[in-house]
Amino acid sequence: MTSTSKIDRTRRNALKAGSIVFGALFVAVAPFKQASAESQPVRDIIRDLLDELLPGRNPGPSGDPRRGRDPRPSSGGNCFARGAQIRTPDGYRPIETLAAGDEVAVRSGGFAPIKAMVSHTVNSESGKWVGKSNLPVLVRRGALGENSPNADLCLTAWHSVYVDGFLIPVGDLVNGISIIFEAVDGRDTLDFFQIELDSHDMLDAQGAFCESLYRAGTERCAPLLRLCGGRSQLRSRLRSAASLVVDRRQPIDIIRDNLEERGLEFARAA
């Protein structure tokens, strides 16, 4: 990466960090007393960041992306929108046409039979989607890699995609360019579907590997990286902003930065 690209990365992440702080302050203004009592002060966030950036300051676990433990619901929250194309022995098929017993392509090799199909409908209220885990995220063509996905793909925010050896909730990779929160566009409902296999695995969804339904307590098919709320997102952005001087980015920061840069390259070429 050129020095200009690194400077652009620093500027971009600093702006996004500022937007997170501004958004948090805006939300906190209304219920000020409650926010003051329950919110971690900004100075504590800065202190945590210094612990991570400066050697010898005894870094604690607060800056680490959460690994292993997954607070997501065991059904719902990690699903494909209606129309998502899943690879089968007969080629790609819309997920809503699949049923238990059908075979689907998996990353572990070959094909695996579907144990069960899970579906749910998300309702909007006053033009807004309800439930953080159900926010629809649009992954544009090629956003995750060469021809991955091979067409725009819509997932729920907590649905993990496989990138560089890790599973990461797609909501943690939103960059506003190639991976975006999808607008409601006047729709009152969205139908979502998920595929349960005998064991957790990765499905070929339009050329991108995305997790099958994960049941709490079962073995995950790949390591999970995720950001834990606004403070974790802020620390991640600040680590990336500071990387021009000292690079203490964690894998999830690097992956997000790389995908963001990929999206910008697409935008510039368009």
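R249 is found in the loop between α4 and α5. The model is predicted, so local features need pLDDT of at least 70 and side-chain atom pairs count only at pLDDT 80 or more, whereas totals for chains, interfaces and linings use all residues. Residues are numbered from 1 along each chain as its sequence is written, and side-chain values use heavy atoms, with hydrogens and water left out. Helices (H or I, at least four residues) and strands (E, at least two) are DSSP runs, numbered from the N terminus.

R249 has a relative accessible area of 16% and is therefore buried. Buried means under 20% relative accessible area, exposed over 50%, and partly exposed in between, with a 1.4 Å probe and protein chains only. The side chain of R249 makes a polar contact of 3.0 Å with that of D247. A polar contact of 3.0 Å also joins the side chains of R249 and D257. Such a contact is a pair of N or O atoms within 3.5 Å; within protein, one must be able to donate a hydrogen and the other to accept it, and residues adjacent in sequence count only if both atoms are side-chain atoms. Beyond its neighbours within four places in sequence, R249 is in contact (heavy atoms within 4.5 Å) with R9, R239, S240, S243, I254 and D257.

Helix α4 covers residues 229-242 and helix α5 residues 251-269. Their axes are 10 Å apart and meet at an angle of about 70°. Axes are lines fitted to C-alpha atoms, for helices over the stretch in contact, and angles run from 0 to 180 degrees between N-to-C directions. The pair is therefore roughly perpendicular. By the cut-offs used, angles under 35 degrees count as roughly parallel, over 145 as roughly antiparallel, 65 to 115 as roughly perpendicular and the rest as oblique.

On the α4 side, the contact involves S236, R237, R239 and S240. On the α5 side, D253, R256, D257 and E260 take part. The residues of this contact divide into no nonpolar, 2 polar and 6 charged. In this scheme Ala, Val, Leu, Ile, Met, Phe, Trp, Tyr, Cys and Pro are nonpolar, Asp, Glu, Lys and Arg are charged, and the others, Gly among them, are polar.

Helix α4 has 14 residues and reaches 20 Å from its first C-alpha to its last, close to the 20 Å expected at 1.5 Å a residue. The expected span is 1.5 Å times one less than the number of residues. Helix α4 is mostly covered, with 10 of its 14 residues buried. Among them are S232, L234, R235, L238, A241 and A242.

G18, in helix α1 (residues 3-29), is partly exposed at 38% relative accessibility. G18 and L238 are 220 residues apart in sequence, yet 9.3 Å apart in space, C-alpha to C-alpha. A143 lies in the loop between β8 and β9 and is buried at 1% relative accessibility. The C-alpha atoms of A143 and R262 are separated by 7.1 Å, although the residues are 119 apart along the chain. Not counting residues up to four places away in sequence, A143 touches S148, P149, S178, I179, L259, R262 and F266.

P149 is placed in the loop between β8 and β9 (153-156). A cis peptide bond joins S148 and P149, with omega about -5°. Strand β8 (residues 136-139) contains P136, which is buried at 2% relative accessibility. P136 and C79, 57 residues apart in sequence, are 9.4 Å apart in space, C-alpha to C-alpha.

Most residues other than glycine have a negative phi, and most peptide bonds are trans. D164 has a positive phi, near 55°. D164 sits in the loop between β10 (160-163) and β11 (166-169) and is exposed at 57% relative accessibility. Q206 also has a positive phi, of about 55°. Q206 sits in the loop between β14 (202-205) and β15 (208-211), but is buried at 5% relative accessibility.

Overall, the secondary structure comes to 5 helices and 15 strands. Of the 270 residues, 46% count as buried. Among contacts between residues at least 6 apart in sequence, 65% join residues at least 24 apart.
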